[in-house]
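Hi,

Here is the structure I promised to pass on. Have a look at it first, and then read on for what turned up.

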Amino acid sequence: QLVESGGGSVQAGESLRLSCAASERTFSSYAAAWFRQTPGKEREFVAVISWTGDKADYADSVKGRFMISRDNVKNTMTLVMNNLEPEDTANYFCALKYYKESRNDREYDFWGQGTQVTVSS
């Protein structure tokens, strides 16, 4: 089970910190990612971190503004989002994929329910 938190409404240029708590005991065996989705659009890759935490990959649209991290002791994952833009408005989901990281949402095994992020201009 994955539970996201930290969403909310902010002004453009502000920051938010999203968290994802996993009940999975083998959390450290999974790559962990964030995806986002807006109504009427397909789910979009945002960022992924390797199971070891030493590799991360970001969508071009968030590179340099967002940072993903994980704590394999606490079974948590975090997405720090800086300099938010109205285009970042979406429902954000955390997901786990066994072992190897990927940008393809179809390869992910577990999903959270999502947390809404709204950025006003």
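By salt bridge I mean a side-chain nitrogen of Lys or Arg within 4 Å of a carboxyl oxygen of Asp or Glu. Glu85 sits in the loop between β8 and β9 and Arg65 in the loop between β6 and β7, so this contact ties together parts that are 20 residues apart in sequence. (Strands here are DSSP runs of E, at least two residues long, numbered from the N terminus.)

Before going further, please keep in mind that this is a predicted model: local features need pLDDT of at least 70 and side-chain atom pairs count only at pLDDT 80 or more, while totals for chains, interfaces and linings use all residues. Residues are numbered from 1 along each chain as its sequence is written, and side-chain values use heavy atoms, with hydrogens and water left out.

Back to the pair. Glu85 is partly exposed, at 31% relative accessible area, whereas Arg65 is buried, at 10%. (Buried is under 20% relative accessible area, exposed is over 50%, and partly exposed is in between, using a 1.4 Å probe and protein chains only.)

Arg65 also forms a salt bridge with Asp88, where the closest N and O atoms are 2.8 Å apart. Asp88 is in the loop between β8 and β9, so here the linked parts are 23 residues apart in sequence. Asp88 is buried too, at 1% relative accessibility. Through shared partners, salt bridges join Arg36, Glu44, Arg65, Glu85 and Asp88 into one network.

The whole structure has 8 salt bridges. Another of them pairs Arg103 with Asp57, at 2.6 Å between the closest N and O atoms. Arg103 is in the loop between β9 and β10 and Asp57 is in strand β6, 46 residues apart. Both ends are partly exposed: Arg103 at 42% and Asp57 at 27%.

Now for the nonpolar side. What is in the largest nonpolar core, and which residues have the most contacts inside it? This core has 35 residues, and Trp34, Met77, Leu79, Met81 and Tyr92 have the most contacts. (A nonpolar core is a set of buried Ala, Val, Leu, Ile, Met, Phe, Trp, Tyr and Cys residues joined through side-chain atoms within 4.5 Å.) Strands β3, β4, β5, β7, β8, β9 and β11 each supply at least two of its residues, and β4 gives the most, with 6.

Cheers

Definitions and conventions. Helices (H or I, at least four residues) and strands (E, at least two) are DSSP runs, numbered from the N terminus.
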